[in-house]
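Hi,

Here is the model I promised to pass along.

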Amino acid sequence: MIRRGLILIIALSVLLCSCTARDNEKEETTFDTDNINIVVSEVTTSPPETEPPLPCLIGFYDELTTYGNYTRLTEWHEPWVSGKDIAVFDVIPSSDDSLVGSDYKELWVEQSEKISPDSLVKPYFLLEYTLKDGTEKALEIKSYVDAEAVIAEGYLEVYLYDDIHQDGGWYYHLTENTTNEDSVISSFKLTAGKEIYSVKSIRLTAYIEGSSGATVVVSNGY
C-alpha cells in the first residue's frame with residue numbers, strides 16, 4: 001500500500017512539474033520587435049504604353065489656281081445659299097501639301113498605290129455641324145445611303161462621286177444604281193440645304209483605314 005501510494009505521489013509530482021514547465025515556457029516566449037526586420041519594397045508603376053499616333057494619309061484638295069495643281073485644304077470659305085454648292089472637294093489619299101497631275105483619275109490611283117499596292121483605298125467621312133440653337137450633329141458617311149440620310153435632315157446635302165471607275169464624259173453621283181463593291185469615294189460635294197440658315201458651323205473629316213483623319217473647316221463666306 002505504501003509503495004503504491006508513493007508511486008502515485010511521484011507520478012503526480014512529475015505531471016505537475018511538466019505542466020509547470022510548459023506554463024513557464026509560455027510565459028517566457030516573447031517577441032523582440034527590435035530584432036524583426038521589416039522590409040518595405042518600393043513598388044514602381046510604369047506609365048501605360050501608348051500607341052504612336054497614326055499618320056495622316058489622306059486630304060481634301062482643290063485646284064485653287066491652276067488646272068492640274070492640287071492644293072491641300074484645311075479651311076474653306078463660301079457663301080451658304082440654300083440650293084447652291086458650298087464646295088466640291090477632291091479627296092486624295094496623300095499627305096502632301098500639293099500635288100500635280102493633269103489626269104485626276106491617274107493621279108488618284110498613283111497616290112493610292114503608294115499606300116495600298118494591291119487594292120484601292122476607300123475613304124469615309126465624318127460630317128459635323130452645329131446649329132444656331134446649340135444642337136450638334138455628327139454623321140458618319142461611308143456610302144450613298146449615309147449621304148441620303150444627311151439630305152433628309154434638311155440642313156445640308158451631300159453627293160459622293162467615284163471618279164476612278166469612269167471612262168470619261170459626264171457621270172452621276174453615287175446612288176444605289178451606280179454603286180458596287182469596287183466603288184470608291186474620290187470626291188465629295190457639299191451643298192446648302194433648305195434649312196441652311198439654321199447652321200452655325202461645319203466640319204468635315206476624311207479617313208482611310210490605318211490613317212488619322214484630315215479635317216477641313218467650312219465657314220460661311222458672307
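This is a predicted model: local features need pLDDT of at least 70, side-chain atom pairs count only at pLDDT 80 or more; totals for chains, interfaces and linings use all residues.

At 2% relative accessibility, V158 counts as buried; buried is under 20% relative accessible area, exposed is over 50%, and partly exposed is in between, with a 1.4 Å probe and protein chains only. Leaving out residues up to four places away in sequence, V158 touches L127, I141, A147, V150, I151, F188, K189 and L190, contact being heavy atoms within 4.5 Å.

Residues are numbered from 1 along each chain as its sequence is written, and side-chain values use heavy atoms, with hydrogens and water left out.

The overall picture: the protein has three helices and eleven strands, running α-β-β-β-β-β-α-β-β-α-β-β-β-β from the N terminus. Of its 222 residues, 33% are buried. Among contacts with a separation of 6 or more, 65% are between residues 24 or more positions apart.

Now the sheets. Six strands make an open sheet in the order β5-β2-β1-β4-β9-β8, with antiparallel pairing; two strands pair if DSSP finds at least two bridges between them. Its edges are β5 and β8 (156-161), each pairing on one side only. Neighbouring strands here are turned by 35° against each other on average, direction ignored. For all the angles, axes are lines fitted to C-alpha atoms (for helices, over the stretch in contact), and values run from 0 to 180 degrees between N-to-C directions. Inside this sheet, β4 and β9 (residues 187-192) are joined by five antiparallel bridges, and A87 has L190 in β9 as its bridge partner.

S187 in β9 is worth a click. At 4% relative accessibility, S187 counts as buried. Its side chain makes a polar contact of 2.8 Å with that of D163. By polar contact I mean a pair of N or O atoms within 3.5 Å; within protein, one must be able to donate a hydrogen and the other to accept it, and residues adjacent in sequence count only if both atoms are side-chain atoms. Neighbours within four places aside, S187 is in contact with F89, D90, V91, Y159, L160, Y161 and D163.

The other sheet is open too, with five strands in the order β3-β11-β10-β6-β7 and mixed pairing. Here the edge strands are β3 and β7 (136-141), each with pairing on one side only. The twist averages 20° from one strand to the next. β3 (residues 75-78) pairs with β11 (residues 214-220) in the parallel sense over four bridges, and W76 is bridged to V218 in β11. By contrast, β10 (residues 199-207) and β11 run antiparallel, joined by five bridges, and L204 stands opposite V216 in β11. These two strands form a hairpin with six residues between them, and G210 in the turn has a positive phi of about 80°.

On to the helices. What are the buried residues of α2? They are Y104, L107, W108, Q111 and S112. Seen down the axis of α2, they fall within an arc of 130°, so they line one face of the helix; the arc is that of the directions from the helix axis to the C-beta atoms. That face packs against β2 (69-73), β4 (85-92) and β5 (98-100), and the direction of α2 makes about 50° with that of β4. At the N-terminal end, D103 caps α2, with a side-chain oxygen 3.0 Å from the backbone nitrogen of K105.

Last, α3 lies across β6 (124-131) and β7, running at about 155° to β7. A152 sits in α3 (residues 144-153) and, at 68% relative accessibility, counts as exposed. A152 and G193 are 41 residues apart in sequence, with their C-alpha atoms 9.5 Å apart.

Cheers
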